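Subject: The structure we talked about

Hi,

Here is the structure for you to open alongside this message. Below it I have put together what turned up when I went through it.

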Amino acid sequence: LIVKNDSIVIAYYEDDSMKIKIINSNTGADLADFYYANDKMFPPVYYGGNFIECDSGYLSATSTMDSSNNSFIIFKVIDHDFNLIHTKVVGTGHLQYPMSDLLKSPLGDSCYYLAHLSDSLRVFEFNISDFSSRTFTFEKGFNDELNRHLYFNSSEELIVPGLHMISSNYF
C-alpha cells in the first residue's frame, strides 16, 4: 500500500499473478488495474511481502513455496508507468517466519535489503540497477529474540535486533 497525492496504490498476489490497483483516495473510484502474469509463483502459498516506491518506480518482494516445500523470494521491478521491468527469483531455504520489510541501503546506491529467519539468518541484497542479488547467511544461535527487521545506524552498520552489529563492510 502506497499513498501518493490523491491516490492509493495497492499491490497484491492473486491467481498466479501480481496485481496493482490504483484507487482515488477522495472518491474511492477505481482508477487503474495492472496485472503481471507470473509463471514463477506457486499458489496458494504467498508468505509475506513488501511493495515500496524507489527511484526507478516500484520494487516488490514476496515469498512463495512450491509443492516440494522449496521456498523463494520473488523481486519485481516496475517503472513509474507500471510497466514490469524485471522479475528475479531467489531461493531461500525453508520458510519459518515472514521476511522483513525491504530496506534501502543508506549508502545512496540502488541496493535494497530484506532479512529472512529460518535455520539461519539470511540477508538478501537486491540491486535495482543491474538486477543482481546476493545472499548473506549468518548461522542462528539466538532463536526467536530476533525482531525480523533490519536497521542501519548512522555509521552505516547493519543492525539486527537481538544480535551484535554486522558491519556493512561484509556486504
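A word on terms before the count: a strand here is a DSSP run of type E with at least two residues, a helix is a run of H or I with at least four, and both are numbered from the N terminus. On that basis the chain has 14 strands and 0 helices. Please keep in mind that this is a predicted model.

**The chain as a whole**

Of the 171 residues in the chain, 42% are buried. The chain exposes about 8,700 Å², and 48% of that area comes from carbon and sulfur atoms. Looking at contacts between residues at least 6 apart in sequence, 37% join residues at least 24 apart.

**Aromatic rings**

Searching the whole structure gives 4 aromatic pairs. One of them is phenylalanine 34 with phenylalanine 82, a stacked pair with 4.8 Å from centre to centre and 20 degrees between the planes. Phenylalanine 34 sits in strand 4 (residues 30–37), while phenylalanine 82 belongs to the loop between strand 7 (71–79) and strand 8 (84–93), so this pair ties together parts that are 48 residues apart in sequence. Phenylalanine 34 is partly exposed, because its relative accessibility is 24%, which falls between the 20% and 50% cut-offs. Phenylalanine 82, at 10%, counts as buried.

Phenylalanine 51 and tyrosine 58 make another stacked pair, with 5.3 Å between the centres and 5 degrees between the planes. Phenylalanine 51 has a relative accessibility of 9% and so counts as buried. Tyrosine 58 is buried too, with a relative accessible area of 1%. These rings belong together: Phe34, Phe51, Tyr58 and Phe82 form one aromatic cluster.

**Glycine 57**

Which strand holds glycine 57? Glycine 57 lies in strand 6, which covers residues 57–65. Its relative accessible area is 0%, so glycine 57 is buried. And what is glycine 57 in contact with, leaving aside its neighbours within four places in sequence? The partners are Ile52, Ile78, Asp79 and His80. For aspartate 79, the C-alpha atom is separated from that of glycine 57 by 4.1 Å, although the two residues are 22 residues apart along the chain.

Best wishes

Note on methods
Residues are numbered from 1 along each chain as its sequence is written. This is a predicted model: local features need pLDDT of at least 70, side-chain atom pairs count only at pLDDT 80 or more; totals for chains, interfaces and linings use all residues. Side-chain values use heavy atoms; hydrogens and water are left out. Buried means under 20% relative accessible area, exposed over 50%, partly exposed in between (1.4 Å probe, protein chains only). Contact means heavy atoms within 4.5 Å. Accessible areas come from the Shrake-Rupley method with a 1.4 Å probe; for residues, only the protein chains shown count as cover. Rings of Phe, Tyr and Trp (its six-membered ring) pair if their centres lie within 6.5 Å; planes under 30 degrees apart count as stacked, over 60 as edge-to-face and the rest as tilted.
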